[in-house]
Amino acid sequence: MNILTFRSNEELNEAGAGIIAGLVQTNPKAVLGLATGGTPVGIYEELVKTHRKGMVSFKSVTTFNLDEYVGIPEDHPESYHNYMKHHLFAHVDLSPERTHIPNGNAPDLEQECAKYNQHLEDAKQIDLQLLGLGHNGHIGFNEPDHALVSGTHIVKLKDETREANARFFDSIDEVPTHALTMGVGTILKAKMILLVVRGADKAEIVHKALTGPITTECPASLLQTHPHVVVLLDSASGRLLN
Ligand code: F6R
């Protein structure tokens, strides 16, 4: 595991975008696993800048998002469909038919998960999976549990996850109770994982996930078993390491 700590958010964003753009420059048909939430916003901003400078094209890239809420419309300001459009898809030359996000409004959610798994299988392997980290150790929306699910599935969000995400909604009552998420099996199958974490409030979970026991009660701890993980931290989230 290669852990890099940055003094500023700008440096972290540049490093993250640099890793992703570098991969796409060497492999224009790369398959990228994408995350949402507050953490990757600055990285997407840098990627858009890099694209605008003509340094990277996404026209042959395929993307798979980690997750989507169940039951809010795609055009809801806080849907992950809308997030991706706003922060990345509308600003780069990705081909819409090669971008994938689970449909949290599908009439049959089980079938939607099976369909998403099939698309992932058809793509063979994610080359780089971008991840944020939940305060409780979740990756994607794989919440701590006595057992984890390998493929895409429906998940009931933990109260702490809904509370953390309430900052994006008018009130906690509006935060969806369920989501569709890629499973940990799919995440761990990625060739490379880029885990990004920011903020003093995540220092403890960073320490636990990266140095504590490997346990399904902290899904991110499973990343310790992966052969190629790069972790980008700001100094606040990395302060308990070493
Ligand atoms: C988002 C996702 C989540 C977030 C995590 C951290 O697609 O899968 O695991 O990465 O909840 O969220 P932020 O970045 O908002 O702190």
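Valine 155 is buried, because 22 other C-beta atoms lie within 10 Å, and a residue counts as buried when 20 or more do so. The model in which this residue is described is a predicted one. Valine 155 belongs to strand S7, which covers residues 153-156. Leaving aside residues up to four places away in sequence, valine 155 touches Phe141, Glu143, His178, Ala179 and Thr181. The C-alpha atom of valine 155 is separated by 16 Å from that of alanine 220, a residue 65 residues apart from valine 155 along the chain.

The protein as a whole contains 7 helices and 10 strands. Its C-alpha atoms fill a box of roughly 50 × 45 × 35 Å along the principal axes. Among contacts with a separation of 6 or more, 79% are between residues 24 or more positions apart.

Helix H2 has 12 residues, numbered 41-52. From its first C-alpha to its last, H2 reaches 17 Å, close to the 16 Å expected at 1.5 Å a residue. The buried residues in H2 are Ile43, Tyr44, Glu46, Leu47, Thr50 and His51. Seen down the axis of H2, these residues fall within an arc of 160°, so they line one face of the helix. They pack against helix H1 (9-26), helix H3 (80-87) and strand S9 (192-197). H2 is followed by glycine 54, which has a positive phi, near 80°.

Helix H7, residues 203-211, was examined in the same terms. Its buried residues are Ile205, Val206, Ala209 and Leu210. Viewed down the axis of H7, they fall within an arc of 115° and therefore line one face of the helix. The elements that cover the buried residues of H7 include strand S1 (2-6), S9 and strand S10 (229-234).

The ligand is surrounded by 14 residues. The closest of them are Thr36, Gly37, Gly38, Thr39 and Gly132. By type, the shell around the ligand divides into 5 nonpolar, 8 polar and 1 charged residues.

Technical notes. Residues are numbered from 1 along each chain as its sequence is written. This is a predicted model: local features need pLDDT of at least 70, side-chain atom pairs count only at pLDDT 80 or more; totals for chains, interfaces and linings use all residues. A residue is near a molecule or strand if its C-beta atom, placed from the backbone, lies within 6 Å of it. Ala, Val, Leu, Ile, Met, Phe, Trp, Tyr, Cys and Pro count as nonpolar, Asp, Glu, Lys and Arg as charged, and the others, Gly among them, as polar. Helices (H or I, at least four residues) and strands (E, at least two) are DSSP runs, numbered from the N terminus. The expected span of a helix is 1.5 Å times one less than its number of residues. A residue is buried if 20 or more other C-beta atoms lie within 10 Å of its own, exposed if 12 or fewer, and partly exposed in between; C-beta atoms are placed from the backbone. The arc is that of the directions from the helix axis to the C-beta atoms. Two residues are in contact if their C-beta atoms, placed from the backbone, lie within 7 Å.
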